[in-house]
Amino acid sequence: MKYYVIAGEASGDLHGSNLIKELKKLDAEAVFRCWGGYLMEKAAETKLVEHYRNTAFMGFVEVVKNLRTILRFLDECKKDILAYRPDFLILIDYPGFNLRIAQFAKENNLPVYYYISPQIWAWNTGRVHKIKKRVDKLFVILPFEKDFYKEWDFEVDFVGHPLLDAIEYAPISQNFYVQNKLSNQPIIALLPGSRKQEIRKMLPIMLEMVKHFPEYQFVIAGAMDLTFYQSFIRRGTNVKLIYNQTYSLLQRAEVALVTSGTATLETALFGVPQVVCYKGNPLSYALGKRLVKVKYISLVNLILDRPLVKELIQEDFTEQNLLEELRLLFDESYQKKIHKGYQELKTILGSGGASRRTAELILKYGKEVS
């Protein structure tokens, strides 16, 4: 079978790569063409059509400013899909781009399987109608999403959260400190995001914490090239930068400062106390605040439906506020509360095997319509 897989960010690349691995186990003749990241490229054993770093734009203002580029990528993707003519088009999250591709695919009689639902339950619930028209099968990863779609008369498959698999099988680096030239000091992990625009907003304030905690070493989970980070890191400070080792970092971190996104859930599943941070373009944030209908920005709090981890958003994301919350993370009673909530979170998410279940369902539904 021929598969065309599209993901638009780091988490989609991770989950796409694991799904590709499972599809290859079940389909010995599977071949792939991908828009995504290096994990998908390695799993599919094929060159990427485009890397997500070139196509990811975050926020209303940023999308408008880069609209011409986005439209060019959409046009290139459509032409490439028609030329490849896949048996299965698999879209992973990334709704601004993927829902447009889904519409194009339906117009050209291509089956559309959507893995990891867009968070339309957070805002613009009317997009359910678009999904119902454009998507043949939807595989959701959060427990409450199945009930949400049922209210709109759309049956979806809950497959579990793929992070459970990714974390369970994450390799443990035996020489992590030596390989990364780290000292024996305890680690405070900094996860400032995977896009340049969010790193520019988050990292400078996160790094202000270094002077307040001289007994710790600060380690950044890098997503860009080294030169991009050098302008933020002051010489002589106890800050290290590592790449492609976020899970190894979280396995050893005492606490973490995390930009809102999938990383908040990853940090929780590793049991690391965290402060969730977010600061975006003021206009984009103002527009988003009017549209978004959820109480929290972190997946941890959303899934638990209560404020377990502290969220510092926009004007609240200041050096002083971050310092106060970071100090609180080291309080023993506070840590017990956090760890208890994390255990509850794991129970809600259920068992692993999401990638395998999704691969099985894709092939099952494919046989039904063939």
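This is a predicted model: local features need pLDDT of at least 70, side-chain atom pairs count only at pLDDT 80 or more; totals for chains, interfaces and linings use all residues.

User: Why is Phe-97 called buried?

Analyst: Phe-97 has 4% relative accessibility. The limit is under 20%, so Phe-97 counts as buried.

User: What makes the pair of Tyr-94 and Phe-97 stacked?

Analyst: Their ring centres lie 5.3 Å apart, and their planes meet at 15 degrees. Pairing needs centres within 6.5 Å, and stacking needs planes under 30 degrees apart. The pair is therefore stacked.

User: Why is the pair of Tyr-149 and Phe-154 called edge-to-face?

Analyst: The centre-to-centre value is 5.9 Å, with 75 degrees between the planes. Tyr-149, at 0% relative accessibility, counts as buried. Phe-154, at 10%, counts as buried too.

User: How do you know that the buried residues of H7 are on the same side?

Analyst: The buried residues in H7 (residues 143–151) are Glu-145, Phe-148 and Tyr-149. They span an arc of only 90 degrees around the axis, which means they sit on the same side of H7. The face turned away from that buried side carries exposed Asp-147, Lys-150 and Glu-151.

User: What covers the buried residues of H7?

Analyst: The cover includes helix H6 (128–134) and strand E6 (137–140).

User: What makes Lys-137 lie over the face of Tyr-365?

Analyst: Lys-137 is 4.3 Å from the ring centre. The distance cut-off is within 6 Å, alongside an angle limit of within 35 degrees of the ring normal. Lys-137 is listed as lying over the face of Tyr-365.

Technical notes:
Residues are numbered from 1 along each chain as its sequence is written. Side-chain values use heavy atoms; hydrogens and water are left out. Buried means under 20% relative accessible area, exposed over 50%, partly exposed in between (1.4 Å probe, protein chains only). Helices (H or I, at least four residues) and strands (E, at least two) are DSSP runs, numbered from the N terminus. The arc is that of the directions from the helix axis to the C-beta atoms. Contact means heavy atoms within 4.5 Å. Rings of Phe, Tyr and Trp (its six-membered ring) pair if their centres lie within 6.5 Å; planes under 30 degrees apart count as stacked, over 60 as edge-to-face and the rest as tilted.
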